[in-house]
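Thanks for coming. I will keep this short and go through one model with you. Please have a look at it before I start.

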Amino acid sequence: MTPMIDAARLLSRLQQLGATGRDEAGRLCRIAASDADRDGRDLLCRWLAEAGLRIEIDRIGNIHGIWQPDGATGDPVVMGSHIDTVIDAGIYDGCYGVLSGLAVIEAMQQAGLRPARPLAVVAYTNEEGVRYAPDMMGSLVAAGGLAADAALAVIGTDGTTLGAELERIGYAGPHEPGFIKPHAYVELHIEQGPILEAEGYALGAVENLQGISWQQVTIGGSANHAGTTPMTLRRDAGVAAARVLTFLDQLARQTPHAVATVGTIGFEPNAINVIPSTASFTIDLRNPDEERLKSQEAALGEFLAELEEEGFSVTTERLARFQPVIFDPRIVASIEKAAADRQLRCRRMTSGAGHDAQMIARIAPAAMIFVPSRGGISHNPAEFTADSDLIAGANILFDVARSLSQ
Ligand code: HGY
Ligand code: MN
Ligand code: MN
């Protein structure tokens, strides 16, 4: 009988964690290093302790639950993801991978397995990057892509500092990030896109992940009276920003596999009868092809230069820039084999979203397993994956982690 994970307990924990860190309006907002995040972390650590795992926290707050079975030696097989969320989030993004990693270890313990290697489940800090940029921060630091001190010094959108917030919530750990070097890393995650559902697949074996470019842009014009200022005499920063948004949208629609998003925007002085003097907004560009991503960035730069020619001031701040990542073909193949062995339909695919796996791939063989998202919806409370798909994915994670830890 092929061992299986405890489905009821995994589903129950997903709901319990999903109920933790909701704001007064009932929205799930476990923003990294917030009180809500602390509550989620505390709950996860309780479950890790109940499973008898050794809990180790590093300076950037990455939580490691380590299982060192008798006789196991060498670097651990790591299963991870994140439990911080975006604003008004769904309950599966990140949490599903962390809780499934724990379920896999518990299933191995339950089955009396004696893996040759230790196993660990990791919840990386600040994967979403909502308050502190860049995103995937905890795994980036663990992979040596960003110094821990630099990350801890990052000032958030609310003026707080990540290091002080981690101290405040009690998750500024003692270990140097990267103190654990994974033998291999596997991340189970919801697809957050429409492909698996639309094509009738139960699983995705993720072989690559697209490049990401985040910038903060501030355009300066001239405040003036909304009623008395003729259209020909205006330097309206709001309209200039709107032109950038439209330009980026059209550019992405004309560039293969490109996406472009302006997720935040603000005007100064932000009054109904004042022409905006300043417009500040964020730009998220992505493409699986590095050269095309560079061309999107170059086209944006040229457009902003034209606005400067027209008399606007333009400043840009780089918030994140990650190149596309290719995952480990052997692990991808083992995901496909595990799916075939369980008679589950599986297809290879690219990840549109950023994930901790793209960072850990810098220091260890890594790959991802996707399960379908209903309607392709994510970063939205309507995010949903059917229980049968959740359990199937967790069992594939079990099979892959077991084969990697033999
Ligand atoms: O931005 C992303 O793709 C991820 O959800 N942090
Ligand atoms: Mn995620
Ligand atoms: Mn996310």
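I will talk about the metal sites, then a loop residue, then the remaining ligand.

This is a predicted model, where local features need pLDDT of at least 70, side-chain atom pairs count only at pLDDT 80 or more, and totals for chains, interfaces and linings use all residues. Residues are numbered from 1 along each chain as its sequence is written, chains are lettered from A and ligands numbered from 1 in the order in which they are written, and side-chain values use heavy atoms, with hydrogens and water left out.

Start with the manganese ion that is ligand 2. Its protein donors are His82 (NE2), Asp93 (OD) and His189 (NE2), at 2.1 to 2.3 Å. Donors here are N, O and S atoms within 2.8 Å of the metal (3.2 Å for Na, K and Ca), and water is not among the atoms, so sites may look incomplete. The sequence spacing of these donor residues is H-x10-D-x95-H. His82 and Asp93 both sit in the loop between strand E3 (77-81) and helix H3 (95-110), eleven residues apart. Helices (H or I, at least four residues) and strands (E, at least two) are DSSP runs, numbered from the N terminus.

Which residue bridges the two manganese ions, ligand 3 and ligand 2? That is Asp93, and the ions lie 3.5 Å apart. The manganese ion that is ligand 3 is coordinated by Asp93 (OD), Glu128 (OE), Glu128 (OE) and His379 (NE2), at 2.1 to 2.8 Å. Asp93 is in the loop between E3 and H3, and Glu128 is in the loop between strand E4 (119-123) and helix H4 (137-142), so the pair ties together parts 35 residues apart in sequence. Both Asp93 and Glu128 are buried. Buried means under 20% relative accessible area, exposed over 50%, and partly exposed in between (1.4 Å probe, protein chains only).

Now the loop residue. Thr85 also lies between E3 and H3. Thr85 counts as buried because its relative accessibility is 3%. Its side chain reaches the backbone nitrogen of Arg30 at 2.8 Å.

Finally, ligand 1. Among the residues around ligand 1 are Glu127, Glu128, Trp214 and His379; "around" means a heavy atom within 4 Å. An oxygen atom of ligand 1 is 2.6 Å from a side-chain N or O atom of Arg286. Another entry on the list is Gly354, with a polar backbone atom 2.7 Å from an oxygen atom of ligand 1.

Notes: Polar contact = N/O pair within 3.5 Å; in protein donor to acceptor, adjacent residues only side chain to side chain.
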